[in-house]
Amino acid sequence: MTMTLEQESAANDVNNHSLILATAGSGKTKTLIEKVKNVLKKSYDSKVILVTFTNAAVNEMQERLEIALPQSSINRVSVTTFHRQFLNQTKKLMQGKLLIGATYFNFIERLKNYIENEHLLPELKVTFSDITSILNDQPLDEKKGFDNDAVKLVKECYQELKIKNHLYDLDDATRRAVEGTLSGEIPLLNCTDLMIDEFQDTDLLQYEWIALQGRGGINLTPVGDDDQSIYSWRGARSYETMLKFKDEFKPNIHMLAKCFRCRPEIIDASKNLIEFNKDRIPKGMVSGKEIGGTVKTYIHKFKKSMLLTFLENYNKYDGEWAILSRTNVALDSIEEFLIEHEVAYSRNNQTSIFKTSAGDFVIKLCSYLLNKFAHYHLSEVLGYLKEDENLIPLISESIKSNSDIESYLNNYGQSINGTAFEMFYSNYYLFENTHDSKEINTRIDLLIDFIIERRSKGDKLNKCAVETLLLEGLKTKTGSWFERIKLYSDKIKEQNSKSEIDKSVVTLTTYHGSKGLEWTNVAIFDVIQETMPNMQSPIDEERRLLFVGMTRAEQRLFIHSYLNKADIDDLKDVGELALFKKDYEYSPPITSDINDVCFPSEFIEEIYYTND
């Protein structure tokens, strides 16, 4: 495929730092691959490292490089994620076990229980969501009553529990990689060129690591689009980092403004929206396709009409389909509708049951039962079972040092009696193999009853459905006790795998889950005030989030808003009858319950803005 002049210019710039600003669908990956080829041609000593954010992006990049490069050049290029790079650089420097995925979320629940049990914030009802917001420096609902001291305490408790349990997170590894590089303890990367994909998603610490490589003489090529920065909640500072890079390294700047994905009608609507953001780099985005696309916006009287209109359009238009919404909770109700109407679908960000907190616990429990000296799994198991957090490090340390547990605890003024660990300590036969199916079923029942007893403390509605489902499932398997629980313990190897997108059916996904993907037809649901935009998030970020969703559509884009949340069928509220009318003042139906009242998103007016 031929390259545009802009793409060629960016790919041929191999002697300087450069910044490639690439709008949605503008061929940034193709341009990067071509630049890699040119860098390697420049000298036999040239080596390239490509860094991005996801394993999926790494896999795609590696596949394309293997096609584009001769075999003799492949070993001079490596592709990795930021986190994998930091973990590799610090693996001999970090102590303990990494907190990631479901393990991390289980640890957050342990932190919540610790704050409650120790009465550290007695005046506040601290939720799981509050803690994740605090740790990610996200804004909190003012009604919650968190002051600076409360936020500080939550962060201190998080650090304290990590240290006690010999755990570290990805931020710790990132920080250590930067500190080590700065001090010379960690050498600079073994490459001549470092290329950074999705540069807009880097946080300030990641930027500092990149800059250290550049200051050390490595050529830098960040590629990104500040208009697609949708991760400020995890520290991304797109506009700021791009300006910092521009000021410090004086790069050649290349603009890839032509989108080869979306029809002009979709580009014009998306451009109208994003240009309301003030802190952004103007790009003059245009479409590389002919006119012939569709952008339709519906203002329904009732929420259910979104679904009925989608069904009408789905039956009318061929091609790939996706439905985007703000949250997975919203997607749940859409999923129910599709099942009812026998529409085939897949959930892009649907989580395997083993990647849930409960599933992760069952995996670690089975791993521990296969090896009672696996203190690293025991700590997580006990934490999930609401063990006293002050006891867990002691129990773990006693096993690690092969000490007598009861004596070890007594030395610290503690007792094994009444603890979650006591059940495992007393029922030692759980760690012994058996082929007796009746005995195996008895063990499973014992574990289920015990898990429900421990987990229901302070939460009587928690019936541990997932844990019960998985453990009951072992009764249907064949083989010995060890053979059965090994079926689950082996799932640890699959924890970081991600399934492919099936575009032959309707894809259900969130805005964030849609990033990097594209479909012929895209329907965006729930474009109402307080949902899109969410008032707890910066308005510019919300605008970028909708922009990302809109630019997933190649041919047809359908935007759905409504005035009433009531689940009411109204055939006069479906399809063309509900199309948005500019300059029409929309108000909820008179009969609306005040709690059901909604208003169309302010972004809809911006999408249809004309500078008359």
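A residue is called buried when its relative accessible area is under 20%, exposed when that area is over 50%, and partly exposed in between, using a 1.4 Å probe and protein chains only. The model on screen is predicted, so local features need pLDDT of at least 70 and side-chain atom pairs count only at pLDDT 80 or more, while totals for chains, interfaces and linings use all residues. Residues are numbered from 1 along each chain as its sequence is written, and side-chain values use heavy atoms, with hydrogens and water left out.

Begin by colouring the domains, whose bounds come from an automatic or database domain assignment: domain 1 covers 5-92 + 172-260, domain 2 covers 98-164, domain 3 covers 267-350 + 502-608, and domain 4 covers 354-495. The centres of domain 2 and domain 3, taken over C-alpha atoms, lie 34 Å apart.

Next, select Thr-23, which sits in the loop between β1 (18-22) and α2 (28-42); helices (H or I, at least four residues) and strands (E, at least two) are DSSP runs numbered from the N terminus. Thr-23 has a relative accessible area of 3% and is therefore buried. Beyond its neighbours within four places in sequence, Thr-23 is in contact (heavy atoms within 4.5 Å) with residues including Asp-225, Leu-256, Lys-283 and Met-285.

Then move to Gln-7 in helix α1 (residues 5-12), which counts as buried because its relative accessibility is 1%. A polar atom of the Gln-7 side chain lies 3.0 Å from the backbone oxygen of Ser-26. Finally, show Met-255, whose C-alpha atom is 8.3 Å from that of Gln-7 although the two residues are 248 residues apart along the chain.

Technical notes. A polar contact is a pair of N or O atoms within 3.5 Å; within protein, one must be able to donate a hydrogen and the other to accept it, and residues adjacent in sequence count only if both atoms are side-chain atoms.
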